[in-house]
Amino acid sequence: MFIFALRRLFAAIPVFLVATFATFWGTSEVVDPTDNLATCQNCSQAAYDRIIELYELDKPVPARYASWLGDFATGDMGSATSQGERPVSEIFWERGRNTLLLALPAFGLLMILGTATGIYSALRQYSKGDYAITSISYLGLAMPTFFFGLLLQVVFAIWVPKYLGIKPFWSSGMHLESPLQFVRSVTLPVMTLMFVLLAGDSRFIRAAVLDIKSADYIRTARAKGVSERKVISKHLFRNAMIPAVTVWSLNASALLGGSIITETIFSWPGFGRLVIDALFAGDLDLTMAIVFAIIFLVIMFNLLADLLYGVLDPRIRYD
Amino acid sequence: MTDLIARPEANDDAVDAGDALGLSEKPESLGRQAWDRFRRHRLAIVGSVLLVLLAISFWVGPYFAQDFDEIDVLQRSQGPSRAHLFGTDDLGRDLLARTLRGGQYSLRIAILTAVIATSIGTLFGAIAGYFGGVVDSLVNFLVNVLLTIPLLMVLVIFGRQFGSRPNTVAILIAMLAWLRAARLVRAQVLQLKEMEFVQAARAAGAKSGRIIMRHLIPNLVGILLVEITLLAGTAIILESTLSFLSLGVQPPDTTLGTLIAEAKGSIDTRPSRVLIPGAIVTIIILSINFIGDALRDAVDPKSGIE
Amino acid sequence: MAQDDLLLDVSDLSVAFKTKKGMAAAVRGMSLRVARGESVAIVGESGSGKSVSSLALLGLLPKSAQITGSAKFDGEELVGMSQNDLRAIRGKRISMIFQDPMTAFNPVFTIGDQIAEAMEVHGTAEGDKALMEAANLLELVGVPEPGQRVNQYPHEFSGGMRQRAMIAMAIANKPDLLIADEPTTALDVTIQAQVMEVLSDIRKESGAAMILITHDLGVVAGSADRVQVMYGGRVFERGTTNDVFYDPLNPYTRGLLRSMPRVDAIGERLVPISGSPPSILNMPPGCAFGPRCDFRTDACVADAASLELVKPGHESRCHHTADLPAYEAVETLT
């Protein structure tokens, strides 16, 4: 098991390097840190030279990548030119925490709700509940995340206060003064982050459970005299966990990507908004730090999923 | 027979009991069967009609509406009126005309993206599946790398540079959206190349390129059609998202996503400016997904009605 | 057979499925009697209703199935019995052995766990004791190194070993009746014989009765006391194995025997039955086999014959029993 994990880790390294190099290269092509200086009146040639030197813009991309990676590995993430050359690491951890405040609840809810609705839908196929879940899922799959977020804002920040005279949730900004305020401010963004993914998860798990439901081994279990409840809670559920892990690992990367939209709509000071701001400001170090972090997390989640498969599915061999 | 008995709790398989028992009615032609299965999906019919109606209004409507780019400073930020059915934006441009134009561009980009992405995916998938070995590993590696980088992140990074015109937006999205098609085609090709007719062609000395073009691709037409349809839906979502972040098609031109982005600021006063284009996007994708599901069922009856 | 020896008495059993195209009659008025310790084979092509009828007995059919008639197991009526009561019988007094051992075991649990579970749900044994018992059962059915095998997963077993494990699971609670549904169809020919031998040894030891469902007459010959041939949901012929093999009365049975390859008939041509089995949605009027039968007359189209006793213990369903040519028996099959 340990060897298996190690092997997967090694296999992930080239993927990580190529993915990060590709984004580094792409970003370098697109983002020009000297852009801002062109419009800056008081900026001197010295400032310009400093930017060139800071980002080693006079060197070829691979060399810049290597030196950046070296710094990154030693914990030096560079400095954020768009934020008064504050160390990137400072901003990174602060904004990262804010993103997790949204992503973790969304991830947890997705795990529970996606599996629950998917299994329910499959077991009660063609029932009213299944039709309801299926209809909502179709809607969720057809709605861009940003539109769903704006829809929530229209409903909870405009219509509900207007017609009911109360404003149950914050529709903008992060409020951490008390647990109640926290809940009030994360509710809408978490729903936005989750909704589209939930629809996909539910459909995927439904399809998987429909397959499992009609598998021969389920019939065998019934023929042994196993009770219906146990057929579902043991034989069916245990097999349904395998596709569920697939979905969860995909969710992890989708949540990080989706934070860009959600944080923009709800003015949430996290990674997603930061990466856009940094990109527009030509802040190379800051942009790259976030991109790297996201790629790293995605790879880690894939690795975790692989290990979980190994635990859940005895057919997967470790050697 | 085993299919039938394995589902004691299900009430749905009654429909297929005859088939499951291996006793289906007299065989009909494959095309006929596919069409019959497609027709079973009433929602797909509704979706097709809606999509055709929308497309007609997007392409024909502008001839009857005002110029989408005509600025009328005296009519800025007006609500709906007889002159401007959807009202006007902050520059005084007619929102109905802009919505039609936006819809047209969104659909155009979606179709273009779907076709390009499916072509790329088919090419990579077929090559990987057919040749196997090192080629397969290389393609696999490429897919893995692309899967690692969140799609939206790449779109954001490159959207700024390449996202300004409809065609470049389509190519940009397609460069990232071909992965699923590649995987599908690879799996199919792996299966197909073991089949007798391919083996026979190879034994007869046919070249690889010829086998891929003449024997493999034609057998993939069904799943590719489904893939193009579903990808068109994905493409609309990605395009509108990119436009929403102001990284897509640039003004004065517009897409449905751009319209929503422009309306975001006045969401408090005029939510309809967000809701109308948003609803249109949703209806388009919903219709596309219904059609895609029906097509998948028609092409591959085993996939079942979902 | 004496009344108190009778273990299973099925009479006039019908199973129909509700479909969009109307009712599909899978089993039509079937009867079947199995005495304690006896082995009865049900033979037929796919769609003959042979599997559906046995699943109907155990309540393992989908809800769309409508089951009528009577099936008394040791005096208890199974048709209409509650799922709870049926569950107490399933795996305990009546066990099933399924066709494809590849898919019939749950891939994520060990073989030992799955055999032990059969005992645990019926309270025969618990925990480690059940697991130990499972190892004993594996040994009994000829799985080598049962102590290790018990902790292995289904994918680590070969097809033949898996089917042996399936048999071990079926006999875990010492059932009175085993229903083996095409137990060897998915296996290699050489393994088939071994598995049938295991089944027959096990039965000798435990005295369990068996219903052997198969389309393969070759499997029947050595392992069944009586044979019941089914077609289109009906019993077409029934008798002792010897009677049915050497003196088949029904044109369909004769067709089946002629289409079967035999070691002793070198040089003889196999004669397939022309046509294909009827759709259960669209049964031909009268005799279901009519359209494929060489002896069809107007009477066959008008109405189906009833199952009649032709000789002692040997029944057949045909209007033309009396005027069929004598069957040219080919010697030796077993």
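**A walk through chains A, B and C**

In chain B, residues 24 or more positions apart account for 67% of the contacts with a separation of 6 or more; two residues are in contact if their C-beta atoms, placed from the backbone, lie within 7 Å. Before going on, keep in mind that this is a predicted model, where local features need pLDDT of at least 70, side-chain atom pairs count only at pLDDT 80 or more, and totals for chains, interfaces and linings use all residues. Residues are numbered from 1 along each chain as its sequence is written, while chains are lettered from A and ligands numbered from 1 in the order in which they are written.

Back to chain B: you'll find 13 helices and 0 strands there. Helices (H or I, at least four residues) and strands (E, at least two) are DSSP runs, numbered from the N terminus. Of the 306 residues of chain B, 48% count as buried, that is, with 20 or more other C-beta atoms within 10 Å of their own, C-beta atoms being placed from the backbone.

Now look at where chain B meets chain A: 40 residues of chain B are in contact with 43 residues of chain A. On the chain B side, the elements giving two or more residues are helices H1 (2–5), H6 (133–148), H7 (151–162), H11 (208–244) and H13 (272–299). That side of chain B divides into 24 nonpolar, 9 polar and 7 charged residues. Here Ala, Val, Leu, Ile, Met, Phe, Trp, Tyr, Cys and Pro count as nonpolar, Asp, Glu, Lys and Arg as charged, and the others, Gly among them, as polar.

Chain A itself is assigned domain 1 (2–87) and domain 2 (93–312), with bounds from an automatic or database domain assignment. Their centres, taken over C-alpha atoms, are 31 Å apart. The contact between them takes 26 residues from domain 1 of chain A and 21 residues from domain 2 of chain A. On the domain 1 side, H1(A) gives the largest share, 12 residues.

Over in chain C, 8 strands make an open sheet with mixed pairing, in the order E6-E7-E8-E3-E9-E10-E12-E11; two strands pair if DSSP finds at least two bridges between them. Strand E6 (94–97) and strand E11 (308–311) of chain C are the edges, each pairing on one side only. Strand E10 (residues 234–240) and strand E12 (residues 314–316) of chain C run antiparallel, joined by 2 bridges. In E12(C), Ser316(C) is the bridge partner of Glu237(C).

Definitions and conventions. Buried ≥ 20, exposed ≤ 12 C-beta atoms within 10 Å, placed from the backbone.
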